[in-house]
Amino acid sequence: MRRYFQVAWAVLWKDLRIELRTKDIFTSMAVFAVLALMIFNFAFELRIPDKTVVIPGVLWVAIIFSGVLGLGRAFISEKDRGSMAGLLLAPVDRSAIYLGKMLASLLFILVMEAFLLPLMVIFFNTNFISLPLLLILFLGTLGFAAVGTVFSGLAVNTRTREVLLPVLLFPVMLPVLMAGIRATIGFMEGETLIDMMKWVNLLLFFDIMYLVVAYMTFDFVVEE
Amino acid sequence: MAAPLVEVIGLRKAFGRHRVLKGIDLSIETGTSVVLFGPNGAGKTTFLRILSTLSRPTSGTVRVAGVDIKNNPEGIRQYLGLVTHAPLLYGDLSAQENLSFYARLYGIDDPERRIHELLERVGLLHRRRDLVRTFSRGMVQRMAIARALLHNPPILLLDEPDTGLDPQAAEMMTDFLREIGGSDRTVLMTTHHLERGLELADRVMILQGGRIVFDKPSGLLSYEELRPTYDEYVGKGVAVA
């Protein structure tokens, strides 16, 4: 078991090291998120009097769309560098590689969210950030990274990999997205965490389900 | 008689309707260097990918050290080192960082000592802190060999390791491969370079159309004999001298 987590940690360490050096993933996600925010901001400013009602939708759409860019790179960059085989040759259960990759993607998206949230407060001129909202964001992002990393591994061996990832991912992500948006609306309307527990539980259920399914299928997903 | 280290029985592989390997049977004893020649599309890379557990066979059996690779792929990978024309390295990590990463994947004891030893052996110790993307093709390929040898595997699989190397770098690599071949390590290499391959081999095979059509000890062959044999099975103008 120790070896398993050693390998997961090695993959995470390697991805962090490369990202700190190149900043490829963070830059593309952050630029996309800012552009999405600007477009939404200008579009809604012209049409609705209270912009705060659209914040939950804008927040989650910006996270999901920019997050897909980061998730796509999880395995595409390995394939493009020709290093994918090096990972798959490791004498360990391949789900350890999945775990390392998933944690790296989760971390990249969380960092992007930490950059996005203050920007949204400025753009929409309202402080909607709260601890329960951060919890919901974490749980939603965990589910997103869990399932997105598997689909990234699946899409990487196809010719239409950039297109295939969102096409596969978005329908599967709908329950997480729905629960995340509902809970965000609730918190912005002053509901407590206890009131929102059904959405929290739904997020937890899907997070666990995605992680278990990913653990069981990853070996088949990446093999020819 | 000891069991062969690598045993392949009736190996077939198809991608959809396209049959790449059409029934391969062979066994390789410990310490043997086998060189597999064949034209592009003959199935050499597919064969090595199956041996290295990167690809599943459509049918047939592959045993490494007596263990079926389907039953214990994780265990088998500990026996194997793979060098391909892609180096399986990260350009944005230094030589040292690349090998440290792979040392963690393989759970190597005392990785610092082993990495130092290998970098010295491949002549890259002085470049250990440099990013791999700043290396020449020959240096990258030497790094790839160091990576493959990190866990001291008893079997080394080399898939056209001389592709893209200039003659000098290719010659250096041949010398290095001769040195690491040793008596205990089993080497299976594919190449288009007949003379270089023959020099390294104990046994020569030709793969054509998904089948092994020629298999002979290299001691019984000179380049002058191998060239027309290769042309006869494969056709002219494919392999190089």
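Before we look at individual residues, one definition is needed: two strands are said to pair if DSSP finds at least two bridges between them. Please bear in mind throughout that this is a predicted model.

With that definition in hand, consider strand β9 of chain B, residues 203–208, which is joined to β10(B) by six bridges, the two strands running antiparallel. Which residue of β10(B) is the bridge partner of Leu207(B)? The partner is Ile212(B).

These two strands belong to an open sheet of six strands in chain B, ordered β6-β7-β8-β3-β9-β10, with mixed pairing. At the edges lie β6 (80–83) and β10 (211–217) of chain B, each of which pairs on one side only. From one strand to the next, the twist averages 15°.

Let me turn to the helices that lie across this sheet. Helix α5 of chain B, residues 137–149, lies across β6 and β7 (155–159) of chain B and runs at about 165° to β6(B). Helix α8 of chain B, residues 223–234, lies across β3 (33–37), β9 and β10 of chain B, running at about 20° to β9(B).

Finally, the contact between the chains. Chain A contributes 22 residues and chain B contributes 25 residues. On the side of chain A that touches chain B, the elements giving two or more residues are α1 (2–22) and α4 (84–88) of chain A. The largest share of that side, nine residues, comes from α1(A). By class, the side of chain A that touches chain B comprises nine nonpolar, five polar and eight charged residues.

Note on methods. Residues are numbered from 1 along each chain as its sequence is written. Chains are lettered from A and ligands numbered from 1 in the order in which they are written. This is a predicted model: local features need pLDDT of at least 70, side-chain atom pairs count only at pLDDT 80 or more; totals for chains, interfaces and linings use all residues. Two residues are in contact if their C-beta atoms, placed from the backbone, lie within 7 Å. Helices (H or I, at least four residues) and strands (E, at least two) are DSSP runs, numbered from the N terminus. Ala, Val, Leu, Ile, Met, Phe, Trp, Tyr, Cys and Pro count as nonpolar, Asp, Glu, Lys and Arg as charged, and the others, Gly among them, as polar. Axes are lines fitted to C-alpha atoms, for helices over the stretch in contact, and angles run from 0 to 180 degrees between N-to-C directions.
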